Amino acid sequence: MPPPPKRYETDKEWEETATPPPPAFSESRLLPIEMPPYMSLKFGIDPNTIAITGDGIVRYVVVAHNRNGGAVNAFYEGVRCSTAEMKSYARYNNGAWQDVAKPEWKRLNDLNSSYTRALSRQALCRGNAPRASIGEMVQNIRNPIREVQ
């Protein structure tokens, strides 16, 4: 009888770890996400909210501002580099977090908003995996990479 086939990490069914509550964020720490100049909203990420989890998800808080000032909206999200998907866990409006009722993974290329795609390409992912460290992600937010790696 032949030996059982070797199992690899990719063989097992992937499972998302429990999502912690949204981390506190500060507008004073925001690093801008490079977006096309025609966008009416500016987006920034608080580097202190970035976390790489054991299941390969990069979670963070991104903040949206109208270029002319006004309301602050924040989003607690996760990106799964291996599948090019994102999930929104909570939204911050009027000074409080509200959980998304049924968070679902959505393909980055199917999203109406382009800031998550930009953030993934510029900083969070390197190919199909998260970058090696949060420090590397922050460096790439500060100095966006324009060529394909």
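Is Ala84 buried, exposed or partly exposed? At 31% relative accessibility, Ala84 counts as partly exposed. The cut-offs are these: buried is under 20% relative accessible area, exposed is over 50%, and partly exposed is in between, with a 1.4 Å probe and protein chains only.

Some ground rules. This is a predicted model, where local features need pLDDT of at least 70, side-chain atom pairs count only at pLDDT 80 or more, and totals for chains, interfaces and linings use all residues. Residues are numbered from 1 along each chain as its sequence is written, and side-chain values use heavy atoms, with hydrogens and water left out.

Confidence next. pLDDT is the predictor's confidence in each residue, from 0 to 100. The protein chain has a mean pLDDT of 85, and 87% of its residues reach 70 or more. Strand 3, residues 51-52, has the highest confidence, at 95. Strand 2, residues 41-45, has the lowest, at a mean of 89. Strands here are DSSP runs of E, at least two residues; helices are runs of H or I, at least four; both are numbered from the N terminus. Now residues 4-9. Their pLDDT stays under 50. For that stretch the model has two contacts beyond four places in sequence, a contact being heavy atoms within 4.5 Å.

Back to Ala84. Its phi is near 55°, a positive value in a residue other than glycine. Ala84 sits in the loop between strand 5 (72-80) and strand 6. Asn94 also has a positive phi, near 50°, and is not glycine either. Asn94 belongs to the loop between strand 6 and strand 7 (96-99). At 82% relative accessibility, Asn94 counts as exposed.

Now the charges. Side chains of opposite charge can pair when their charged atoms come close. How many salt bridges does a search of the whole structure find? Five. The criterion is a side-chain nitrogen of Lys or Arg within 4 Å of a carboxyl oxygen of Asp or Glu.

Take Arg59 and Glu16. They form a salt bridge, with the closest N and O atoms 3.0 Å apart. This pair links distant parts of the chain: Arg59 is in strand 4 (residues 57-66), Glu16 is in the segment before strand 1 (31-32), and they are 43 residues apart. Arg59 is buried because its relative accessible area is 2%.

Glu16 also meets Lys87 in a salt bridge, 2.7 Å from N to O. Again, distant parts of the chain are linked: Glu16 in the segment before strand 1 and Lys87 in strand 6 (residues 85-93) are 71 residues apart. Lys87 has 9% relative accessibility, so Lys87 counts as buried.

Another bridge joins the side chains of Arg131 and Glu136, at 3.2 Å, N to O. Arg131 is buried, at 5% relative accessible area. Glu136 counts as partly exposed, at 23%. As for shared partners, salt bridges join Glu16, Arg59 and Lys87 into one network.

Gln122 is in helix 1 (residues 115-124). Gln122 is buried, with a relative accessible area of 9%. A polar atom of the Gln122 side chain lies 2.8 Å from the backbone oxygen of Glu34. 

On to the core. In soluble globular proteins, nonpolar side chains tend to be buried together. A nonpolar core here is a set of buried Ala, Val, Leu, Ile, Met, Phe, Trp, Tyr and Cys residues joined through side-chain atoms within 4.5 Å. The largest has 26 residues, and Phe43, Ile50, Tyr60, Leu119 and Leu124 touch the most other members. Strand 2, strand 4, strand 5, helix 1 and helix 2 (134-142) each supply at least two residues of this core. Helix 1 gives the largest share, five residues. Leaving out residues up to four places away in sequence, Tyr60 touches a list of residues including Ile45, Phe75, Val79, Leu119 and Leu124. There is also a second, separate core of nine residues, among them Val63, Ala74, Tyr76 and Tyr89.

Last, the strands. Pairing requires at least two bridges found by DSSP between two strands. Strand 1 and strand 2 pair in the antiparallel sense over two bridges. Pro32 stands opposite Gly44 in strand 2. Strand 2 and strand 4 also pair in the antiparallel sense, over five bridges. There, Phe43 stands opposite Ala64 in strand 4. Phe43 is also one of the residues that touch the most other members of the largest core.

Note on methods
A polar contact is a pair of N or O atoms within 3.5 Å; within protein, one must be able to donate a hydrogen and the other to accept it, and residues adjacent in sequence count only if both atoms are side-chain atoms.
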